[in-house]
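Colleague: Hi! Could you walk me through this one?
Modeller: Happy to, here it is.

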Amino acid sequence: MRKANHWSLLLLLFTSTALLAAEHRSDHLRFGVLPLQSPTKLAGMFLPLSDYLGRQLGRPLQFVTSSNFTSFMEKVADRQYDIIYLNPMLYGRSRQYGYRVIAKVASEPFTGILVVRKKGRINQLSGTSLPPDTRIGFPDPGAFAATVMVWKYLESIGIDVERQLQVQYFGSQDSAILALFNGLVDITGTWRPSLRSMPEVVRRDLRIIAETPPQPQMPIAVRDDLPAEDIERLRRALVELAESSQGEVIIQQLGFKRGFEPANDDEYLEVNQ
Amino acid sequence: MDRHGGWFPQLFHTLRIRLIFSVALVHVVLMGLFTWEAVHRQSQELRQEMVNQGRSLASLMVVASTNALLAEDLASLAEVTRRVGEREDVSYGEIVDVRGYVMASTRDGRVGRSVGPVIKVSEQFPLVKTDRVLDLRQAVLIGDKPVGFVVLGLSTENLESALAATRNRGIQYTLLALVIGSVAAWLLSITVTRNLHALTLAAKRIGDGDLGARVEVRSQDEAGTLAHAFNSMAASLQRNAREIEQEHQKRTEAERLACVGEMAASIAHEIRNPLAALLNSVKLLGDQKLVKDDHAIVTRIVDTESKRLQRILDDFLTFSRLPAAQLQNGDLKQLVEETVELVRQDPRYSGRITFDCRYEPDNQCLFDPDLMRQVLLNLLLNAMQAMQGEGKLIVRLKRNGDRVNLSIVDNGGGIPEHIMSQISKPFFSGRKNGTGLGLSVVQRILAQHTSVLSITSREGSGTEACFDLDRENHG
């Protein structure tokens with residue numbers, strides 16, 4: 001009986017996905033955001049921007065995210081989104097599906113950070129100083145700043161992550177930070193915007209112990225079949241966002257410092273290498 | 001409108017039916033109001049509860065589906081709608097994204113399609129008569145920005161079934177109250193009307209003359225009080241009747257004695273004159289000096305006065321020995337014609353009196369032929385004598401409802417007003433040679449026919465004597 005239910009669910013999912021793909025012909029442009037946070041929190045951050053962009057385009061934007069990075073990239077591969085916001089590494093993969101960067105976050109350098117509890121047992125990072133059973137938390141294997149960049153940084157300073165640390169993934173930046181706060185892990189890889197979005201009571205107990213070298217900032221890309229004038233309007237709307245008081249509010253809700261600035265593909269070639 | 005007819009059933013005039021109907025009506029009205037109130041109140045409570053449950057369920061759907069809706073996690077959304085669809089009262093439940101596409105639904109084949117026409121706001125009771133589903137809608141909001149909505153349909157069939165069950169129970173209780181109330185009213189009416197029935201029977205017996213009728217008093221209630229009062233009234237009536245009877249007997253005896261005295265005086269008065277004439281004549285006849293011519297005159301006087309005495313005695317015997325009337329149905333016209341023909345032959349008035357007889361087509365009525373002939377003879381002869389042998393005499397028969405009126409009108413000299421009150425007394429006569437018993441005989445005979453003689457007269461113009469006879473026996 002349960003098996004039959006599972007098959008029914010799979011069939012439903014299959015037909016639903018097919019129908020969604022077949023019928024996505026509404027006026028809405030779909031704005032896919034990488035699931036860096038919980039869907040509700042992401043919606044709180046990006047819905048004002050979606051509304052703003054929709055007004056600039058004269059077409060409504062639908063904010064959507066996904067349950068995880070893999071699922072998100074599957075939809076990118078399926079070209080289900082018209083506009084995407086993702087990390088530099090995943091942008092490199094999205095290019096093969098016809099997405100092109102139009103702007104990037106104009107903010108602090110795009111870095112990953114390593115965070116520990118102030119009263120925790122980790123005081124410094126080195127291959128020799130870490131206790132043998134040290135646990136490290138990441139949001140998702142595909143999280144560029146929080147996982148990939150931090151992983152590479154740790155290896156660059158002589159820490160063999162696979163062997164010296166017990167790695168745990170918590171699905172989102174928030175979950176990973178809260179896992180550190182609650183003592184489930186000793187170190188967490190994340191990035192600054194997520195740490196800033198934490199409540200004061202959480203941030204007060206945590207401290208940044210290391211930061212990775214910078215990489216190009218988070219890009220916003222569009223699918224290549226969008227009309228050129230729409231792409232240009234989007235680019236201009238993003239770049240000029242910080243010039244209005246309304247835009248400043250939107251940037252504040254995004255958790256960014258300065259909004260967006262122009263970007264091109266060349267900046268992200270090194271990331272994939 | 002006729003009190004006993006028309007649209008109002010005759011049966012309703014009985015106290016018992018009125019009592020039963022009134023009590024039953026009160027029961028039905030009160031129970032009907034109670035049932036209506038109960039159904040109305042329960043309806044509102046159930047409807048409000050349904051709305052509250054629906055809103056709670058829609059809110060739960062919103063909470064449970066917000067993240068999945070934003071992440072387009074169709075499996076999680078499907079799980080939400082599957083759980084919701086398991087509820088018996090849920091007709092449908094759908095989660096719709098901001099574009100209007102169904103992301104999950106309890107109905108097959110809806111996912112991925114446009115939701116189509118859908119309510120803008122949640123419905124409220126009362127619904128349209130044919131609508132059996134309460135449609136609710138709740139937006140999925142992030143802050144104040146909608147990212148989709150949930151629509152939920154709750155079937156009102158269970159609600160309607162519950163209300164119908166309550167309504168039916170109320171009707172059953174109403175009918176039960178109707179039966180119990182009617183039976184109680186019937187028993188009560190028996191108790192009340194049993195005493196009234198006894199009172200009615202006793203009243204009828206008293207009406208039939210049995211003043212000794214009484215009601216047996218059993219209860220101490222109003223009916224018992226009424227019965228006590230009735231018995232007191234009957235006893236009083238009986239006492240009064242007895243006193244009246246005694247008084248009547250005394251008066252009758254006195255009247256009878258007075259009548260006898262009057263009769264004796266009248267007879268003595270009537271007889272004294274002819275007897276005195278006879279005595280004087282006999283004395284004269286014994287006188288040797290009486291001449292032949294005077295002897296003849298005196299002899300004629302003896303003859304005349306003897307006959308007068310004979311006639312007085314005959315009339316008196318007729319008056320006193322009047323036989324009981326044997327009433328039978330007959331044609332009064334025929335009797336009138338025979339009597340008129342008889343008096344027409346009287347040589348004293350032959351040819352000088354004109355008779356005008358007027359009849360109805362049907363002149364059947366109840367009378368004793370022999371006695372009625374006597375009545376007609378007396379009245380006709382009185383009229384002919386009043387006309388002094390000539391004039392016009394009208395005899396008229398006329399239908400008057402269920403009676404026949406006979407009137408005899410003459411154009412004689414009429415009766416002087418000062419003797420009108422005495423003409424019906426025995427031995428009173430307005431003529432020299434009358435005995436004064438003719439009208440008395442007529443009155444006695446008519447009394448046996450349950451009728452009375454009416455005399456209207458104007459001096460110098462004439463007199464009308466008339467009376468009625470029954471067309472059929474009402475006794």
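Colleague: How many helices and strands are there in chain B?
Modeller: Chain B has eight helices and 11 strands. Helices (H or I, at least four residues) and strands (E, at least two) are DSSP runs, numbered from the N terminus. This is a predicted model, where local features need pLDDT of at least 70, side-chain atom pairs count only at pLDDT 80 or more, and totals for chains, interfaces and linings use all residues. Residues are numbered from 1 along each chain as its sequence is written, with chains lettered from A and ligands numbered from 1 in the order in which they are written.

Colleague: And how many residues of chain A are in contact with chain B?
Modeller: 23 residues of chain A contact 20 residues of chain B, a contact being two C-beta atoms, placed from the backbone, within 7 Å.

Colleague: Which element gives the most to that side of chain A?
Modeller: H1(A) does, with seven residues. Helix H1 (2-23), helix H2 (39-57) and strand S2 (61-64) of chain A each give two or more.

Colleague: New topic: which residues are buried in helix H7 of chain A?
Modeller: In H7 (residues 173-181), they are A:Gln173, A:Asp174, A:Ala176, A:Ile177, A:Leu180 and A:Phe181. Buried means 20 or more other C-beta atoms within 10 Å of a residue's own (exposed is 12 or fewer, partly exposed in between), with C-beta atoms placed from the backbone.

Colleague: Where do those buried residues fall, seen down the axis of H7(A)?
Modeller: They fall within an arc of 165 degrees, so they line one face of the helix. The arc is taken from the directions from the helix axis to the C-beta atoms.

Colleague: What follows H7(A)?
Modeller: A:Gly183, with a positive phi near 85 degrees.
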